[in-house]
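Please keep the sequence and the structure in view while reading.

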Amino acid sequence: MPTQIKVLQSHFIQSAQKIQDCPAPHCTEIAVLGRSNVGKSSIINLLLNHKLAKSSSTPGKTKLINLFSTTWELCPTKEQNEKSHNTANHILTESMRIPLVIIDFPGFGYAKVSKDTKKIWDKNLTDFIYKRQSIKLFCHLIDSRHRDLAIDSDIANFLQTILESRKDCKILQIYTKDDKLNKNELHKLKAQHKLTISTLKKTTQSVQYLYHAILQASLDWQIQ
C-alpha cells in the first residue's frame with residue numbers, strides 16, 4: 001500500500017429529511033450507516049479529516065441525513081514511478097484528485113419517538129437509499145465488542161436486499177472501537193480479515209488502510 005492518500009478539503013453541504021431535499025449528485029457518494037453509539041461521527045470525521053460530523057451524548061438524537069463533500073488526493077511514491085517503467089500493471093504515476101460525498105445517516109436503534117414518526121423516518125431513509133443512484137458504497141459500522149447484535153443483522157440483511165436490485169453498489173463492514181478489545185480478541189478479528197479501526201488510538205497505517213479500502217470498494221479498482 002505505497003500510495004498515500006491525503007484529504008485536501010472537506011465541508012458540510014446540507015442536511016435533509018428526504019431525498020427530494022438533497023442537491024443533485026455530481027460524484028461518487030459513500031453512505032455511512034450503523035446503530036446509535038457505534039462511533040459513526042468519529043469515523044466520518046476521520047474520513048473528512050475534519051470535525052464536521054457532530055456526535056451527541058444522547059443516542060438517536062440525530063434525525064436528518066447529513067451530506068459532506070471531500071476531496072482526496074492520491075500521491076504516488078518515488079518507488080512507484082520507477083516501477084511503472086518496468087511493469088504493465090496499473091500503477092499511479094502522478095497525483096490524482098478524487099471528489100467524494102460522504103452521507104451520514106441517523107443512527108439506528110435508540111431514538112425515542114412515536115410509531116408514526118418512526119414510520120416517516122423509515123420511509124424517507126428507505127427511499128433515499130434505494131433511489132440515490134450515486135451511492136456506490138454502503139459502509140456498515142459495527143461495534144467490534146458487540147458483533148452479534150440483532151440490529152446489525154437487520155441492517156446487513158436490508159443492505160443485501162439493496163444489492164439485489166443495485167448491482168453497482170457494494171457493502172463494506174467496518175468494525176469500530178478496536179482499541180477496546182484485548183490483544184487476543186483483536187487478533188481473532190483480524191485473522192478473519194475484518195476491517196477494524198480505533199476511534200481513539202488511530203495510527204497513520206490504520207487510517208491509510210481504511211482510506212484505501214473505501215476507495216477500492218467505491219471505485220472498484222485497486223490502488224497500488
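F12 has F68 as its bridge partner in β3, and this pairing belongs to a set of 11 bridges that join β1 to strand β3, residues 65-75, with the two strands running antiparallel. On the β4 side, F68 stands opposite I102, within an antiparallel pairing of β3 and β4 that extends over 9 bridges. The coordinates in which these partners are found come from a predicted model.

From β4 the pairing continues to β2, this time in the parallel sense and over 5 bridges, with L100 in β4 as the bridge partner of T28.

| Strand pair | Sense | Bridges |
|---|---|---|
| β1 and β3 | antiparallel | 11 bridges |
| β3 and β4 | antiparallel | 9 bridges |
| β2 and β4 | parallel | 5 bridges |

Taken as a whole, the sheet is open and mixed in its pairing, and its 7 strands follow the order β1-β3-β4-β2-β5-β6-β7. The edges are held by β1 (4-16) and β7 (195-196), each of which has a single partner strand, so that one side of each is left without a neighbour in the sheet.

Which helices lie across these strands? Helix α4, made of residues 150-165, lies across β2 (28-34), β5 (135-143) and β6 (170-176), and runs at about 165° to β5. Helix α6, made of residues 204-219, lies across β1, β2, β3, β4 (96-104), β5, β6 and β7, at about 65° to β1.

The largest nonpolar core contains 31 residues, and those with the most contacts inside it are W72, I102, C139, L172, I174, L210 and I214. Two or more residues of this core come from each of β1, β2, α1 (40-48), β3, β4, β5, β6 and α6, and the largest share, 7 residues, is given by α6. To see what I214 meets in the model, leave aside residues up to four places away in sequence: I214 then touches I30, L47, W72, L137, C139 and L172.

The buried residues of α1 are K40, S41, I43, I44, N45, L46, L47 and L48, and just after the helix N49 takes a positive phi of about 55°.

The aromatic pairs in the model number 4. In the pair of F105 and F128, the ring centres are 5.5 Å apart and the planes stand at 80°, over the 60 degrees required, so the pair counts as edge-to-face. This pair links distant parts of the chain, with F105 in the loop between β4 and α3 (115-131) and F128 in helix α3, 23 residues apart. Are these two residues buried or exposed? Both F105 and F128 are buried.

A last point concerns the confidence of the prediction. The mean pLDDT of the chain is 84, and 82% of its residues reach 70 or more. Over residues 85-89, however, the pLDDT is below 50, and this stretch has 1 contact in the model beyond near neighbours in sequence.

Notes: Residues are numbered from 1 along each chain as its sequence is written. This is a predicted model: local features need pLDDT of at least 70, side-chain atom pairs count only at pLDDT 80 or more; totals for chains, interfaces and linings use all residues. Side-chain values use heavy atoms; hydrogens and water are left out. Two strands pair if DSSP finds at least two bridges between them. Helices (H or I, at least four residues) and strands (E, at least two) are DSSP runs, numbered from the N terminus. Contact means heavy atoms within 4.5 Å. Axes are lines fitted to C-alpha atoms, for helices over the stretch in contact, and angles run from 0 to 180 degrees between N-to-C directions. pLDDT is the predictor's confidence in each residue, from 0 to 100. A nonpolar core is a set of buried Ala, Val, Leu, Ile, Met, Phe, Trp, Tyr and Cys residues joined through side-chain atoms within 4.5 Å. Buried means under 20% relative accessible area, exposed over 50%, partly exposed in between (1.4 Å probe, protein chains only). Rings of Phe, Tyr and Trp (its six-membered ring) pair if their centres lie within 6.5 Å; planes under 30 degrees apart count as stacked, over 60 as edge-to-face and the rest as tilted.
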